[in-house]
Amino acid sequence: MEFKHKKLTNGLDIIGELNRDAQSAAVGFFVRTGARDETDDINGVSHYLEHMLFKGTDKISAFDVNLRFDELGAQYNAHTTEENTVFYSATLPEQIYKAIELWCQMMRPALRDDDFNMEKNVILEEIAMYKDLPQFDVLETCRNLHFGVHPCGKSVLGSVESIKALTSSQMRGYFESRYVPNNITACIAGNFDFEQTCSLIEKGCGSWKSGPADRKLEFFNGTAKKESHTKKNLNCKHICLMSPTVSYQDERAYAATLLAKIIGDDNGSRFFWALIDTAIAESASMHCQAMDGVGAFYTYIRASSENGDKALAIVADIFKTIKNNKITAEELQKAKNKVLSGITINNEIPMGRLLELGVNWVYLGKYRPVEEEIALINKVTTDDLHQIAQEFPLEHFTQFSLGPE
Amino acid sequence: MPEIINTYNLLNGMTVIGIEVPAVQSAAFEFMVPAGAAVTPDGCCGAPSVIEDWVFRGAGGKSSRELSDIMDGMGLHRGSSVDSKHITFAAAMQAENLSKAIDLYADIILRPALDAQQFEYSKQLALQGLMSLDDDPRTKIKLMLREHFYPDPLGRNTVGKQEDLQNLNAEKCAQICNENFRISDCILAAAGKINFHKLCDQAERLFANHKSGMTHTISHNKKTLGYHHYPYEGAQVHIGLMTNSITPDNPQYYDARVAVAILSGGMSSRLFTEVREKRGLVYAVGASYHSLKEMAGIGCYAGTTPEKAQETYDVIIAEFRKLADGIAEDELARAKTGLQSAIVMQSESTIARSGAAGTDYYMLGKVRTLDEVKQSIEKVTTKSVIDYLKDNPFENFCSVTIGPNEIKAI
């Protein structure tokens, strides 16, 4: 693997990792903006704007955008989180340059009113769709409860009210302040030529004007509030727990990831033996989300409504006793093995590598080769995990549950 | 460098497939055991989903914890699933662990402990899985659609039925396991950084002495397609529909696949354009091809708020039917390019490649090379797609809705 980097004079970063053996190439535009960068009156605009980029430019219609990607045989999509909006595609190597040219144009969208009004229906349908997915709904509501006034509690989708009230001029204002070149990273992985890529991006994006796109970073411990709601169409109890942990920039982020795996991996974890092996819960998992200047552990449990409280008590006990019921070297090694083989499998596909590469650059401002990633995981000790558990007591969690009436 | 595909049959009939993929460090395998939902005795619907969990609860003299420790020691990424004909056990790992992983899966498949106490836990999990399906209408509708589209037992629900699951006991499930885990009909497909000869030697050593039982023959009747509604007080009406298609061994198979791609390949395809882009009726709409060995269908899913449900359904049906009226050369070209490039990109994943190889062998008795697939797609013309649509018109549909209100279905 060979790494390349170029910064355009307007601040746009181009990074690439070359793999000549790959059968495909993937490109992504990572915009450092998401729900946390919104104000309440425009909540949901980042995600809505992500949709609107596919509606084309002054020169390309919405249908033509789709047409051109399909002509390339591209697999393409985008996603929005609390802090990133990412546009990406994978193609066979010979088609990557046309895909890059298209993305460069799309990053300066027309944001036509007609398209804006039509797409509003699609966004409202997406909100409705997630309402029918309690597993998602419970996480979203818990995040809001956990982060309280911290901007990371904002909904990515927004609410029906905020989306209905949003105007296209509000979206244009947001676009102009956040899609400045110094807030964007173009990332390419797989089989491609870096020089050719750079000249295309420079031609397409070199004239954009930079501007301030700040984000206030503030660590937050969480509210530790507890709420429970019911819904008449539900069958199971869906429980989400959240507690604070290290940020992405913290060198202990891998330790936090491994701690979450030991406690809540799908297989062979403490949750697994206490809840799934015993059939108390149908699903129980924990993961670490290290974010920009802040972090959170997420736990999700799904059980019958009779077993919900019992499952919750067991989880609370696992959290409380993690300091005394010491993590063994074997437990840590197993978690490392799972993470390491995951890296191998993921990195064999340019699209998998792209996301890792881009996210590392956005959060750390540097390239992290796979070898370094592996070394960082291998060097984590059980003491590191215990230290995380001491500093961020898992038992001080925010809790939101959703169950049948 | 092109991939190298090898196939080998053990004396007892079991098939071993190996795809050596250059320049990867991982290996993945899929073990297809002929114990799926359609070959389960009547009154035992859901037994395969119990068995799928139960066999991991101790095997080959190792406890469930010991098995789990060995798998985690290898950092195995594992999954298992049940479909109409098979329980499939899949795993991906760093290539050096492949041989050890296959040893372990031989224990799980050949020598599961099938402990009666552990059975109760597996059964409870299966019952909870069934219950949670009601909280996930998008997943539920896919199962319901297949159940209503395919004749029994082909379309039988893979998650199970409450009454049947309640009545299952360890003895009955162990008996199903003994009868259906026929090694002779198993397929082991591996892909990645593998040595095929070593893989065959190992399979020979582990599996060749295990005899076969009688292969099931499944008889089924023709089914009349209709409309089925499941009331659900949700935010959306979830719409599923399915119409007859042809199986992968049919000479017109790629015409059918291209027809589906024109309807629902990329974002310029007809359904996405007409239902979402032009009318804003949905967030999610998509058609896909689904096949069993005996018969196949083209299915479609859309989710929409109740007041838009009828229009969404009507537009989808109209788009299906319009396809036979004519196809433009450029949309044919896009559909073909999309399919061809997806096939190359999927082959980069050792997990996807081993899975596709196992399914190919089961359906066709051979594994298609990537070039063969690409060339077959290349041969498709607008005329051949229209001919396929004339031979297999989109006339009758099985329609299912889950949501607050019913629709008027055809």
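A crossing of two helices is left-handed if the near helix is turned anticlockwise from the far one by less than a right angle, and right-handed if it is turned clockwise. This is a predicted model, where local features need pLDDT of at least 70, side-chain atom pairs count only at pLDDT 80 or more, and totals for chains, interfaces and linings use all residues. Residues are numbered from 1 along each chain as its sequence is written, chains are lettered from A and ligands numbered from 1 in the order in which they are written, and side-chain values use heavy atoms, leaving out hydrogens and water.

**View 1. α1(A) meets α4(A) in a right-handed crossing.** Here helix α1 (residues 45-53) of chain A packs against helix α4 (residues 113-131) of chain A at about 125 degrees, with axes 10 Å apart. So α1(A) counts as oblique to α4(A) (under 35 degrees is roughly parallel, over 145 roughly antiparallel, 65 to 115 roughly perpendicular, the rest oblique). Look for contact residues (heavy atoms within 4.5 Å) including A:His47 and A:Tyr48 of α1(A), and A:Phe116 and A:Glu119 of α4(A). The contact has 5 nonpolar, 2 polar and 4 charged residues.

**View 2. α1(B) packs on α7(B) in chain B.** The axes of helix α1 (residues 47-54) and helix α7 (residues 170-180) lie 10 Å apart at about 85 degrees, which means α1(B) is roughly perpendicular to α7(B). Among the contact residues are B:Trp54 of α1(B) and B:Cys173 of α7(B). By class, this contact has 9 nonpolar, no polar and no charged residues.

Technical notes:
Axes are lines fitted to C-alpha atoms, for helices over the stretch in contact, and angles run from 0 to 180 degrees between N-to-C directions. Helices (H or I, at least four residues) and strands (E, at least two) are DSSP runs, numbered from the N terminus. Ala, Val, Leu, Ile, Met, Phe, Trp, Tyr, Cys and Pro count as nonpolar, Asp, Glu, Lys and Arg as charged, and the others, Gly among them, as polar.
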